Amino acid sequence: MTPLEIGIAGGIILFVLIALGLPIGVSMGAIGVVGLALITNIDAALSRLAQTAYSMTANYITAVIPLFVIMGEFAFVSGLTKEAYAATYKWLGRLPGGLAMATIGGCAGFAAVCGSSEATALTIGSFALPEMRQHRYDPRLALGSIAAGGTLGILIPPSMAFVLYGLITEQSIGKLFLAGVFPGILLASLFLITIYILTKINPSYGPPGGKTSFREKLTAFKDVWGVLILFIVVMGGIYGGVLTPTEAAAAGAFSAFLIALFRRKLNKKNLVSSFMNTLRVTGFVFVIIIGAVLFGYLMAASGVSIALANFVSGLPVSSLGILISILVLYLILGCLMDAFAMVLVTMPILYPVIINLGYDPIWFGVLIVIMMEMGMITPPIGMNVFVLRGISRDIPMYMIFEGALPFVISMAICVAILIAFPDIALFLPNAMKR
Amino acid sequence: MKGQGEIKKKFMFNRIKKIIESLAIRLTWFGSVALSLMILFVVTNVLSRFIFKKPLPGTIEVIELVTVLIAFFSVGYTEVRRSHIYVELVISKLPRKVRSIVGSIMYLICTAFFGVLGFEAWRLGRSYLTPTLRDTYVLHIPIAPFIFVIAFGSFVLALVTLLHIFHPLPDDSKKEEVTA
């Protein structure tokens with residue numbers, strides 16, 4: 001077999017093993033090692049396995065992973081989520097669908113201190129859902145807005161999705177974080193517009209809430225200081241060039257810990273659970289990273305990536321046409337597999353194609369993260385929907401997917417806007433201090 | 001007699017399972033301490049840089065080595081909680097018996113993968129000890145012990161997956177019970 005044939009066979013077997021339920025990290029890692037052994041020799045492949053495990057963990061950049069996860073855990077313990085939600089509600093509660101809009105605001109606020117989509121959806125959902133049900137919101141709007149709002153967790157920095165994309169493609173995580181800020185605000189705004197339109201068409205979807213005085217509206221801002229402090233520490237530090245992402249993550253984790261302490265929210269039980277959850281997530285993320293890097297070595301050594309890039313570049317289709325085809329592919333894959341797995345499995349193959357077409361890797365990272373967000377709320381595999389199903393057992397899963405559909409359309413519009421105006425994503429990273 | 005033998009086997013299996021799982025969970029204590037120390041170390045370095053205009057020496061290498069500890073003291077616990085990510089779409093459609101068989105085969109592959117990783121990390125660690133001791137550039141911390149942690153963490157993970165070969169399907173009622 002030629003190296004190219006080994007690479008292609010490896011790609012096919014990878015999807016078979018993943019479909020059979022082998023953990024994604026092990027699938028990629030095992031195929032990477034076996035493929036490299038066939039192309040080079042078994043000793044070289046096995047020593048690459050241990051070397052990769054060491055180089056990807058003894059790594060200054062990957063250190064951000066446990067740090068950002070624990071920052072989100074401490075932010076959750078501090079109760080920072082509720083304040084962002086309450087503040088948005090005071091401003092938008094009077095409007096039809098106001099509670100759903102407050103949910104989006106709460107998600108956007110929590111996304112600024114947490115890098116996980118599922119955690120954002122679950123955290124906001126735990127108190128926003130009972131409130132929306134009490135106000136007789138249609139369950140589709142209630143759960144759809146929570147599921148979609150939760151996805152902002154991986155677009156608005158800090159974001160685990162950007163960390164993984166940056167690691168696999170060797171792009172600056174700081175720049176990726178900054179690139180997510182304006183698209184995150186844009187997408188949150190599109191979600192608000194979606195809710196407004198839905199409730200305008202059918203007012204029973206989300207009845208308006210009670211009145212709030214102007215004074216109450218103004219004082220609502222004082223409650224979001226915790227979120228603001230964390231966002232300024234992390235993003236201000238990175239944007240100002242005074243902190244590396246790893247330092248910003250540690251400073252953010254420490255600040256979140258102090259906020260929780262200051263608010264007297266820390267006790268032995270939630271401190272232990274914060275650490276245990278962080279380590280649980282850290283464990284699976286590192287196994288996936290090691291596997292993805294090994295698989296990436298196979299794709300590079302076999303020449304599959306370059307062959308595909310050359311083949312695609314030679315097609316009589318415009319680069320925009322190819323980009324849209326790749327995004328459609330992600331939309332389909334997002335329906336079939338975990339969003340993170342989808343990106344880590346395909347990036348070693350498709351990233352060289354994108355670079356060959358001359359697209360900006362940071363901008364493409366933002367598009368990919370939005371595609372991941374879509375994958376999280378589209379059937380049959382939609383992690384946010386699965387998570388929400390756990391807190392709304394009486395509502396059938398199809399209804400949550402149905403409720404999320406209008407927000408998927410908003411995401412598609414967001415992608416189209418970013419393709420037309422790439423500077424929305426690139427303005428901040430380009431302005432970043434060196 | 002046969003029934004008693006079965007009970008004895010089950011008792012032994014549960015005992016071994018308990019030992020391995022508690023080992024994986026205990027390792028997270030070290031992981032938690034390592035994570036706490038890393039946060040404190042990085043924050044101290046940032047403050048020292050701003051206040052005294054003098055960063056702590058060797059910060060990057062300390063962070064890198066501590067990350068190894070955090071990652072490989074966690075991987076076993078992640079598997080105890082069955083949290084390593086896999087795709088259920090196809091497999092969930094199969095009958096329970098078939099799922100169980102396929103699941104056992106998949107866990108067998110996992111055990112082999114992490115066993116090999118552990119063995120190779122052990123070999124790599126030894127090569128960092130002899131003929132010359134390899135250490136970090138600034139603080140001269142020996143690297144080998146950290147590679148041995150990779151080996152140890154991988155072996156623990158391999159043992160947890162080995163257990164799961166015999167119980168390939170997660171028992172949801174028990175899944176949430178495993179905590180520190």
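Predicted model: local features only at pLDDT ≥ 70, side-chain atom pairs only at ≥ 80, totals over all residues.

Biologist: Where does Asn45(B) sit, and is Asn45(B) buried or exposed?

Modeller: Asn45(B) belongs to helix α1 of chain B, which covers residues 2–51. With a relative accessible area of 3%, Asn45(B) is buried, because anything under 20% counts as buried. Its side chain also makes a polar contact of 3.3 Å with the side chain of Thr59(B).

Biologist: How should I think about the two chains meeting?

Modeller: The size of an interface is often given as the accessible area lost when the parts come together. Here, chain A and chain B bury about 4700 Å² between them, with 81% of it on carbon and sulfur atoms. On the chain A side, Tyr54(A), Met276(A) and Leu279(A) lose the most area to chain B, together 14% of what that side buries. As for contacts, 52 residues of chain A meet 53 residues of chain B.

Biologist: Which residues does Tyr54(A) touch?

Modeller: Quite a list from chain B: Leu65(B), Val68(B), Leu124(B), Tyr128(B), Ile143(B), Ile147(B) and Ile150(B), again skipping residues up to four places away in sequence.

Biologist: And what about the nonpolar core?

Modeller: In soluble globular proteins, nonpolar side chains tend to be buried together. In this model the largest nonpolar core has 217 residues, and Tyr54(A), Leu152(A) and Met372(A) touch the most other members. Helix α14 of chain A, residues 268–302, gives the largest share of this core, 16 residues.

Biologist: Can we look at a helix in detail? How many residues does α10 of chain A have?

Modeller: An α-helix has 3.6 residues a turn, so residues three or four places apart point the same way. Helix α10 of chain A runs over residues 173–201, which makes 29 residues. From first C-alpha to last it reaches 41 Å, close to the 42 Å expected at 1.5 Å a residue. Look for a kink of about 30° at Val181(A), shortly before the proline Pro183(A).

Biologist: One last stop: what does Ala248(A) touch?

Modeller: Val234(A), Ile238(A) and Leu243(A), not counting residues up to four places away in sequence. Ala248(A) is in helix α13 of chain A, residues 245–262, and counts as buried at 0% relative accessibility.

Terms used: Residues numbered from 1 in each chain as written. Chains lettered and ligands numbered in written order. Heavy atoms only, no water. Helix = DSSP H or I, 4+ residues; strand = E, 2+ residues; numbered from the N terminus. Buried < 20%, exposed > 50% of the residue type's maximum accessible area, 1.4 Å probe, protein only. Polar contact = N/O pair within 3.5 Å; in protein donor to acceptor, adjacent residues only side chain to side chain. Core = buried A, V, L, I, M, F, W, Y, C linked by side-chain atoms within 4.5 Å. Contact = heavy atoms within 4.5 Å. Expected span 1.5 Å × (residues − 1). Bend = angle between axes of the 7 residues up to and from the residue. Buried area = accessible area lost by both parts, 1.4 Å probe.
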